[in-house]
Amino acid sequence: MTRPLRLLAVVLCCWLLPWLAHAQVQASLDRSTAQLGDTVTLNLRSQSAPLAAPDLSPLSNDFEVLGKSSGSTTSFVNGQRTVEYSYGVALRPLHQGTLCIPPLTVGSETTEPLTLEVTAPDPAARGVTGPVFVEAAIDPSQAYVGQQLSLSVKLFYTANLANASLGDPRIDGVDVSRIGGDTDYQAERNGRIYNVIERRYVLVPQRPGELTIPPIPFQGDLLDPNDPDSFLGMGAPVSAQSRPLTVTIRPAPADWGSAAWLPARKLSLSLDGLPDAATPLRVGQPFNLTLTMEATGLPFEALPSLSLPTLEGATAYPDKPVTGNRADGPWVVGRRQQSFAIVPGKAGTLTVPAITVKWWNVLTDRAETATIPAHQLTVAPAAGAATVSPAAPAAAASSAPPEASTPAPANDRHAAATPHQPWVWIALGSLGLWLVTVVVGVVWWRRRRRSTPLPVAPARTAAIAPREAKQAFLHAVREADVAAQAHRLLAWAQAERPTLRHLDALSTALSSPEQRAAIDALQRARYASAAVAPDREALAKAFAPGFAWRSEEAPPAGDDPLPPLYPFTLR
């Protein structure tokens, strides 16, 4: 195939066939560039089901298949179990150029196409003939402040090693961290096959200028199978180091402005939880929204905190953020997720304004904006609220003047005024005896209550989940009933720690001074002789992130040194 036809085939493969890709099976390469003779790994991943062996016949023109492997990884995130199935294929490029890995059929799914840049072997490595040497490469060769650099360190060896130690890079003004595990494969150099251990690092420069990556050293013992001393671990000492590398680090553009500087290869923004038309919203009834930002080429530590714009007619209570990093080949993918409990405060149209994040695309070298459009939500009045009370007509009728009644005959009036029937006197006597019995019973019950102390009612375990109890408390904060606020707060605490019996015990179990102060203010407002309205906004803000429990467990209710103020449970 001539070079123009091959280039045309690559373009058709990589740009005209992405519509065949499916999201359930993800395909990735362990690197985007390789030298001729190197081995690369094609990784297939799925979270839905174990992967079937893919059809690798479309790779035969550009790659040699060296081996296959499969496995699975189980992880727990926020209490949810996730299983990821993987299938790896070791490939060796057959020629230089931009090679395309076309969509592969895996069961009933099809992967997305990938590209690999294959270059000629490094001329500096042609003179390497020793049994051990180290290579280092950096991608890209110039970057911005805060942009991720991918450093690859490869150890080449032909014999067994003992006491081997490969150093880590130490660079001033650069955050350095490892990404992924070591990769083992084989590569050819100067007609000789070497075993290779590759290690990757994430480098994030913190200041502009010329960045020099010092040599990466290796030390160990080379074991010779023909030497009997090698079996005793007495190999010949060997050392090697990579060449130093230089990278130009540019500052952020001068006209960037005050927005957070986010140089990334890709950045996405999403908002989940918006109710659809079939899900009615009501005043005081909370619902949840989840805002997620994910960036390729930036760790989550570099991403800004997430918040919602001001919502007119509703209050947003943020939950604890969820953060983390994952590896996508040589690049780190940072993720921030923030959930909010939204409580509508009035009926009508609730507008969730548009959310925008400005970022710098390092692949196109220009500014871009990730946007979530505005959404309009309809909020109905609270359940049970009505514009006209059903009792209003009855009240109006009762206030109207009574109609003139027709006078009863004289005989009827006399019969009504002077009851002569004996059953009337019997009924009146029975009623009197019943009243006397009731009075005597009440007096006897009160005397018995004074003489016999009531037993302490055991604390009841909350029957609702902590999340529902929290939302009920936040809803109660919006009301003016202080007793309801205290009751909902204690019910939420008992949902997480059932041994707590009262708010004083809750205050003792907390480590946050703001939360303890909020409980004291709530207690003062509840038991003050004069009406004292608590600061509802401060109360909601103090407990919105959740309870700040002390590190030690709360003492059992029976170990309280003082007797309870009330011998019964307040509900």
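The model is predicted. In it, helix H5 and helix H6 pack at an angle of about 165°, an open sheet of three strands runs in the order S11-S20-S17, and the residues Leu-149 and Gln-523 are both placed in secondary structure elements, namely strand S12 for Leu-149 and helix H8 for Gln-523.

**Packing of H5 and H6**

- Helix H5, which spans residues 466–477, and helix H6, which spans residues 482–496, have axes 8 Å apart and an angle of about 165° between them.
- Because angles over 145 degrees count as roughly antiparallel, H5 and H6 are described as roughly antiparallel to each other, and their crossing is left-handed.
- On the H5 side the contact is made by Pro-466, Ala-469, Lys-470, Ala-472, Phe-473, Ala-476 and Val-477, while H6 contributes Ala-484, Gln-485, Arg-488, Leu-489, Ala-491, Trp-492, Ala-495 and Glu-496.
- Sorted by class, this contact of H5 with H6 has eleven nonpolar residues, one polar residue and three charged residues.

**The sheet S11-S20-S17**

- The three strands form an open sheet with mixed pairing, in the order S11-S20-S17.
- Strand S11 (142–144) and strand S17 (209–213) are the edge strands, each of them pairing on one side only.
- From one strand to the next, the twist averages 30°.
- Strand S20, covering residues 245–250, pairs with S17 in the antiparallel sense over five bridges, and Ile-249 in S20 is the bridge partner of Gly-209.

**Leu-149 in strand S12**

- Leu-149 lies in strand S12, which covers residues 149–157, and it counts as buried because its relative accessibility is 0%, against a cut-off of under 20%.
- Leaving aside neighbours within four places in sequence, Leu-149 is in contact with Ile-138, Asp-139, Pro-140, Ala-143, Tyr-201, Val-202, Leu-203, Pro-205, Leu-211, Val-247 and Ile-249; of these, Ile-249 is also the bridge partner of Gly-209.
- Leu-149 and Trp-331 are separated by 182 residues in sequence, yet their C-alpha atoms are 8.4 Å apart in space.

**Gln-523 in helix H8**

- Gln-523 is found in helix H8, which runs over residues 513–527.
- With a relative accessible area of 16%, Gln-523 is buried, since that class takes in values under 20%.
- When neighbours within four places in sequence are left aside, Gln-523 is in contact with Leu-503 and Asp-504.

Conventions: Residues are numbered from 1 along each chain as its sequence is written. This is a predicted model: local features need pLDDT of at least 70, side-chain atom pairs count only at pLDDT 80 or more; totals for chains, interfaces and linings use all residues. Side-chain values use heavy atoms; hydrogens and water are left out. Axes are lines fitted to C-alpha atoms, for helices over the stretch in contact, and angles run from 0 to 180 degrees between N-to-C directions. Helices (H or I, at least four residues) and strands (E, at least two) are DSSP runs, numbered from the N terminus. Angles under 35 degrees count as roughly parallel, over 145 as roughly antiparallel, 65 to 115 as roughly perpendicular and the rest as oblique. A crossing is left-handed if the near helix is turned anticlockwise from the far one by less than a right angle, and right-handed if clockwise. Contact means heavy atoms within 4.5 Å. Ala, Val, Leu, Ile, Met, Phe, Trp, Tyr, Cys and Pro count as nonpolar, Asp, Glu, Lys and Arg as charged, and the others, Gly among them, as polar. Buried means under 20% relative accessible area, exposed over 50%, partly exposed in between (1.4 Å probe, protein chains only). Two strands pair if DSSP finds at least two bridges between them.
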